[in-house]
Amino acid sequence: MIELSENIYNSQTTRSEPKFKLWRSAGLMLTYKCNCACEFCYYNCNPDKGGLMPVDTAINAWQSLKILAGDSAKIHITGGEPFLYWDHLLEILEQAQKQNLGKVDLVETNGFWATSEKIVRQRLKRLDELGMNRFKVSTDPFHQQYVDIEPVRRLAEMATEILGSERVLVRWQKYLENPTDMKNLSPAELEKQYINAIKDYPCRFTGRAAGKLAELVASSLFVSRASRPRIAGKMPATRLGDSLKACPERSRRAAGFGDGKPSRSHPQASLEAATRHQAACRSAFLGAKGVHIDPFGNVFSGTCSGIIIGNVNVRAVRELPLLDIWKQFDPRKGGSRTAPTLIGTLFNKGPYGLLTEAEKQGYKRAESYAGKCHLCTSIRQFFFNNGLEKSIFGPAECYADLS
């Protein structure tokens, strides 16, 4: 059994201080390639992206997680769209079964491939034979801009029939029952649907979601703040420096984006929290229950896409990659490095802490941001565009292509 004290950070903390948790789950990103280019995608996936996780990489990570987390280890297969590489997906699951690694906890898909009952039945039965525990189908206005609803409905209905309702997750059931027509809409109509969807189900503003979508939300908050009544002849704060210190929670409520309170589910909700509570990213790093591993072996903490905390293909950690990375990771420094990196800045000060260094390099603040993840991704995109901090801010697939 792995002890918390085996991590370098934990070994240097007092008994009362929060500890860096054991990772108990890992999302294996089979590819960045996807038939969709959803505006809320955390990983910037699209049809032109690439990468395909080698079978050995997937199996080594799986084995390592089993040693790290024991019987509580959970692996899920995601992307991109993993069903673009059906045979490769099967090969990974077949190897895992041969090596007695246990069941894959979850396989995700947008359902584009469910064009007939025959293919759905064949594939679901094969996944069931290979020990898949749960099956997740994505359906929402963002996906339905690219995927017709009929194959998604066929897949969800047949999965429930074949696997049982308790093993099928639909994200989100509301949109499966009452889909939003996203085809042939004007740009203004699309933006309205995006905003409505975010009001229903807030997302993290990382990856592509930190682009057009976050800017739409930020502008809504900006307008909401600017439209508040004057107090003693003064206009409400609208500049970034002011709004970061003010109360964007009220703006979020006024604009209709939930209650505006920060939460683990919606970490984008409150720039004030990102600055008032300097440990905002501290808790995110320490409390992450798992990681995502991309096709190139890059390891991301939780859902913080594009922030590389290790690589399972590095020769020094090849034998038990996740276990070694977990043991050596010191979030105060951003890894096993002797000198702190900008990951350490995020850990100690949150995204606002990156601003000073970014502005020295020429970064220009926006007037408003949709939340702390938007601010973080915007700054990281700037670093990436200028070839800075490439060892921790990457790979290219996670960032916007500005060419």
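Keep in mind that the model is predicted.

Let's start with charge. Side chains of opposite charge can pair when their charged atoms come close. How many salt bridges does the structure hold? It holds 13. I'll pick out a few.

Take Asp 105 and Arg 134. Their side chains meet in a salt bridge, N to O, at 2.6 Å. The two residues are 29 apart, and the pair links distant parts of the chain. Asp 105 sits in the loop between helix H2 (86–98) and strand S3 (106–109). Arg 134 belongs to strand S4, residues 134–138. Arg 134 comes in at 26%, so it counts as partly exposed.

Next, Asp 128 and Arg 167. Here the salt bridge spans 2.8 Å, again N to O. This pair also links distant parts of the chain, 39 residues apart. Asp 128 is in helix H3, residues 117–129. Arg 167 is in the loop between helix H5 (149–163) and strand S5 (168–171). Arg 167 is buried, at 17%. Why does 17% count as buried? Because buried means under 20% relative accessible area.

The closest N and O atoms are 2.5 Å apart. Arg 365 is partly exposed at 36% relative accessibility. Glu 359 is partly exposed too, at 32%.

One more item on charge. Glu 94, Arg 126 and Glu 129 are linked in a network of salt bridges.

Now the rings. A pair of aromatic rings is described by the distance of the centres and the angle of the planes. The structure holds 19 aromatic pairs. In one of them, Phe 20 and Trp 326, the ring centres are 6.1 Å apart and the planes lie at 15°, so the pair is stacked. Where do these two residues lie? Phe 20 is in the segment before strand S1 (25–29). Trp 326 is in helix H13, residues 321–328. They are 306 residues apart, so the pair links distant parts of the chain. Phe 20 is buried, with 1% relative accessibility. Trp 326 is buried as well, at 0%.

Phe 142 and Tyr 194 make another stacked pair, because their planes are at 15° and their centres 5.4 Å apart. Phe 142 lies in helix H4 (residues 141–144) and Tyr 194 in helix H7 (residues 187–200), so the pair ties together parts 52 residues apart in sequence. Both Phe 142 and Tyr 194 are buried.

Back to Phe 20 and Trp 326 for a moment. They belong to one aromatic cluster, which also includes Tyr 9, Trp 23, Phe 285, Phe 329 and Phe 347.

On to the strands. Look at S7, residues 298–301. Both of its faces are covered. Asn 298 and Phe 300 are buried on one side, Val 299 and Ser 301 on the other.

Which strands pair with S7? Strand S6, residues 290–293, is joined to S7 by three bridges, and the two run antiparallel. Strand S8, residues 308–311, is also joined to S7 by three bridges, again antiparallel. Phe 300 has a partner in each. In S8, the partner of Phe 300 is Ile 308.

S7 and S8 have six residues between them. In that turn, Gly 302 has a positive phi of about 55°.

Last, the core. The largest nonpolar core has 112 residues. Which residues have the most contacts inside it? They are Trp 23, Tyr 43, Phe 135, Ile 293 and Leu 322. Helix H1, residues 55–69, gives the largest share of this core, with eight residues.

Leaving aside neighbours within four places in sequence, its contacts include His 292, Phe 300 and Gly 302. Also among them are Met 29, Tyr 32, Gly 207, Glu 397 and Cys 398.

That's the tour.

Key:
Residues are numbered from 1 along each chain as its sequence is written. This is a predicted model: local features need pLDDT of at least 70, side-chain atom pairs count only at pLDDT 80 or more; totals for chains, interfaces and linings use all residues. Side-chain values use heavy atoms; hydrogens and water are left out. A salt bridge is a side-chain nitrogen of Lys or Arg within 4 Å of a carboxyl oxygen of Asp or Glu. Helices (H or I, at least four residues) and strands (E, at least two) are DSSP runs, numbered from the N terminus. Buried means under 20% relative accessible area, exposed over 50%, partly exposed in between (1.4 Å probe, protein chains only). Rings of Phe, Tyr and Trp (its six-membered ring) pair if their centres lie within 6.5 Å; planes under 30 degrees apart count as stacked, over 60 as edge-to-face and the rest as tilted. Two strands pair if DSSP finds at least two bridges between them. A nonpolar core is a set of buried Ala, Val, Leu, Ile, Met, Phe, Trp, Tyr and Cys residues joined through side-chain atoms within 4.5 Å. Contact means heavy atoms within 4.5 Å.
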